[in-house]
Amino acid sequence: MKLQEYVGYDATGLADLVRKGDVTAVELIRLAQKAHDRINPTINAVIELYDDAESVPGSNDGPFAGVPFLRKDISSTEAGRLYECGSRLYQGYRPTVDSYFVERARAGGLRLIGRTTTTELGVSGLSETAMCGITRNPWNLDRTAGGSSSGSGAAVAAGIVPMASASDGGGSTRIPASYCGLVGLNPSRGRISGGPNGQDPGHGISRRFVLCRTIRDTAAALDVLSGSYPGDPFLIPQPKRAYVEELSHPAGRLKIGVALSSWAEVKLDPEIRDRVAETAKALEDMGHAVEEIGPPFSSAEYRELITGSYYVGYSRLEAQARALGRKIDETTLELLNLVIYEKAKTLPLSYAEQFFELMRKIRFDVGSAVQAYDLLLTPTMAHTALPHNTYSMSLGNMPAEELLTFDAAICQYIGVFSATGQPSISLPLFISADGLPIGIQIVGRFADESTVLRVARDLEQAIPWASRQPPVFAGSSE
């Protein structure tokens with residue numbers, strides 16, 4: 001198989017070739033290595049490609065048998081492998097356990113061959129860190145790949161691998177999906193375990209999954225990675241059948257609420273608004289009932305929720321630093337995270353109770369506002385990929401409070417559904433006038449990924465995206 005052929009397949013297609021004996025897992029890993037060597041010096045998406053990549057374990061029978069896979073360097077751990085969270089605080093750290101996510105990925109046939117960049121501690125919707133440098137967008141090297149699943153988004157978009165791990169606590173899967181022209185599902189709260197040592201990431205806000213290029217890969221990955229374990233804090237209804245099987249069933253006639261206005265301080269780009277309206281028209285033509293909805297929450301409360309999630313979460317850093325034998329200062333944390341940490345230390349215990357009450361209220365407010373709809377249709381982001389240095393974790397061009405407000409506002413359509421726990425998917429339906437991907441988001445009822453996937457399948461067929469390739473792409477020339 002040539003590299004140009006390799007990059008033309010999704011993960012499901014490559015696995016089919018492995019099962020038929022047309023190609024081996026080792027051959028696919030070598031092609032991924034070749035793609036990496038050709039592209040990664042330009043985009044800086046992969047921080048480590050394992051020296052022993054050709055011998056990593058993985059099932060030969062799973063849905064993704066033999067498919068090369070990259071791990072975002074935060075959220076999921078591999079025993080003995082580096083896990084640095086994009087931060088000097090964790091530099092050189094090697095956990096001793098595999099996460100359940102990693103175990104299930106291997107059981108599904110995926111070969112974990114390296115690590116991708118992430119913003120420090122998963123903070124920021126851009127793709128720049130003091131430790132890893134700038135991860136560039138294959139569609140335009142002057143634009144961000146999005147955060148915090150920066151490297152995974154850039155690596156998949158550029159064709160290094162067909163699928164890579166991601167995690168989302170406020171948009172970190174869907175931002176790079178939108179900016180890099182990929183499919184990015186954030187599953188329902190509790191669908192995928194964070195165990196054995198992170199069962200409740202972000203107090204129910206953060207979830208793990210993947211970035212990929214097709215709906216069938218998304219469905220198959222959900223089948224592979226879903227499952228609960230002892231100690232998991234959230235119970236969730238299980239699907240009636242495999243998610244891959246759901247793709248052979250009709251979506252039915254649905255009632256869909258569509259967002260055509262701004263939900264926060266950052267204004268919705270008119271071109272993106274037009275593409276949301278175009279998607280709504282396509283759904284109407286499929287027989288669905290579509291009507292416009294306004295913001296289902298207070299933008300001020302949403303902003304407080306997003307910033308509060310940082311303050312509550314950073315209370316754990318002191319103990320982690322001690323365990324690593326490190327100190328927390330400007331040598332181990334970027335300035336924004338250091339400011340958040342220092343403020344978190346001054347907040348009273350009652351602040352946590354206020355935060356959890358606010359999260360409860362927003363979940364209730366959103367649930368009440370959208371209960372009449374089977375699905376919601378929104379922009380993923382209010383704009384296309386931003387230029388690098390729009391803001392900086394070093395706070396060189398924007399003070400901390402203003403940066404956190406802006407970062408929350410650019411995630412106005414996505415962060416709230418991380419908090420509510422609803423499944424939501426960014427689809428790469430359009431390309432802007434200046435050649436950048438435009439993501440469109442579909443949001444489902446809690447625990448109803450099936451309906452989300454069926455409608456996503458219909459949109460994939462109505463507005464195909466599979467043939468699109470960014471200017472920086474591993475298979476552009478041999």
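The model you are viewing is predicted.

Now select α9 itself, residues 270-285.

Next, colour the buried positions of α9. They are Ile-272, Arg-275, Val-276, Thr-279, Ala-280, Ala-282 and Leu-283. Turn the view to look down the helix axis. The buried residues fall within an arc of 160°, so they line one face of α9. On the other side, pick Pro-270 and Asp-285; both are exposed.

Go to the start of α9. Show Asp-269 and Glu-271. A side-chain oxygen of Asp-269 comes within 2.7 Å of the backbone nitrogen of Glu-271. Then jump past the other end. Gly-287 follows α9, and its phi is positive, near 105°.

Last stop: Ser-178. Find this residue in helix α6, residues 174-180. Is Ser-178 buried or exposed? Its relative accessibility is 3%, so Ser-178 counts as buried, the cut-off being under 20%. Show its side chain together with Gly-439. The side chain of Ser-178 reaches the backbone nitrogen of Gly-439 at 3.2 Å.

Finish by selecting what surrounds Ser-178. Setting aside neighbours within four places in sequence, Ser-178 contacts Thr-380, Met-381, Ser-426, Pro-437, Ile-438 and Gly-439.

Methods: Residues are numbered from 1 along each chain as its sequence is written. This is a predicted model: local features need pLDDT of at least 70, side-chain atom pairs count only at pLDDT 80 or more; totals for chains, interfaces and linings use all residues. Side-chain values use heavy atoms; hydrogens and water are left out. Helices (H or I, at least four residues) and strands (E, at least two) are DSSP runs, numbered from the N terminus. The expected span of a helix is 1.5 Å times one less than its number of residues. Buried means under 20% relative accessible area, exposed over 50%, partly exposed in between (1.4 Å probe, protein chains only). The arc is that of the directions from the helix axis to the C-beta atoms. A polar contact is a pair of N or O atoms within 3.5 Å; within protein, one must be able to donate a hydrogen and the other to accept it, and residues adjacent in sequence count only if both atoms are side-chain atoms. Contact means heavy atoms within 4.5 Å.
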